[in-house]
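Student: I have a model open and want to go through one residue and its surroundings. Can we take it step by step?

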Amino acid sequence: MKQTVCAIIIFILLCGCGRDRKQIVTNPSLNAAELTLEAGESAEVIVNDADVFTVGSSDETVVTAEADVSRHKVTVNAIGAGSAIVSVYVGRPAPLTVKVRVTQTDRVPDISDQLDDRSMRYVSDDLTLRYDDGGIIFESNRRGRYTIIDIEARRRIVFDAGEIPGAIPRRLEKATLTIDGEPISLRYASAEARSNDNETIWYNLATTDNRRIVIVITGLE
């Protein structure tokens, strides 16, 4: 009887030890080793079998990375053309890595969602300045250079089209943009559309990291 009881106890202990070993022994991995993205795109990488981790990028001008530990994922954001390594640190001497190649796109931004609104404004992913909101000033030197000022927020945007466009649509090869004194690199700029009465022009811009910007000018030219 004693032998039977001892055998049962040993079996229970062994089962318990087995469960402990399963909880302790992990093998973290990623569901991707390489990514190819266009500038402006994002992708998610799943982190398997790791409850705690941090992330980093070898070149944040090409790629940034954000950790979402609760969802076991890393969001990879393609910023500019080039190559970079995203590292996921899971408590090992060497991190898990993803090779990321970012290519530049030549696609023209779609601004069809803006063409029904003729109100004067500046619209980007993170900032909208509308003349009819009050406190927003639009100025022009009548040679295609526009200054947009938010008095309260002390923001200043200067867009120089480089020319007064004739036929539209027209690619603007000399266009420049500064925001609060900082030059913004443009990969594309055009006078994309004009109203039937010639009073309103829709300017279509794309930065080198593929952020879309729309500037609508009415009655200043």
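Tutor: This is a predicted model: local features need pLDDT of at least 70, side-chain atom pairs count only at pLDDT 80 or more, and totals for chains, interfaces and linings use all residues. Residues are numbered from 1 along each chain as its sequence is written, and side-chain values use heavy atoms, with hydrogens and water left out.

Student: Is V45 buried or exposed?

Tutor: Buried means under 20% relative accessible area, exposed over 50%, partly exposed in between (1.4 Å probe, protein chains only). V45 has 2% relative accessibility, so V45 counts as buried.

Student: What is the strand order of the open sheet?

Tutor: Two strands pair if DSSP finds at least two bridges between them. The open sheet has four strands with antiparallel pairing. The edge strands, β1 (29–30) and β5 (63–68), each pair on one side only. The order is β1-β3-β6-β5.

Student: How many bridges join β3 to β6?

Tutor: Strand β6 covers residues 73–78 and runs antiparallel to β3. A43 stands opposite V76 in β6. The bridges joining β3 to β6 number five.

Student: Which residues does V45 touch, leaving out those up to four places away in sequence?

Tutor: Contact means heavy atoms within 4.5 Å. V45 touches L30, N31, A32, L35, H72, K73, V74, V76 and V98.

Key. Helix = DSSP H or I, 4+ residues; strand = E, 2+ residues; numbered from the N terminus.
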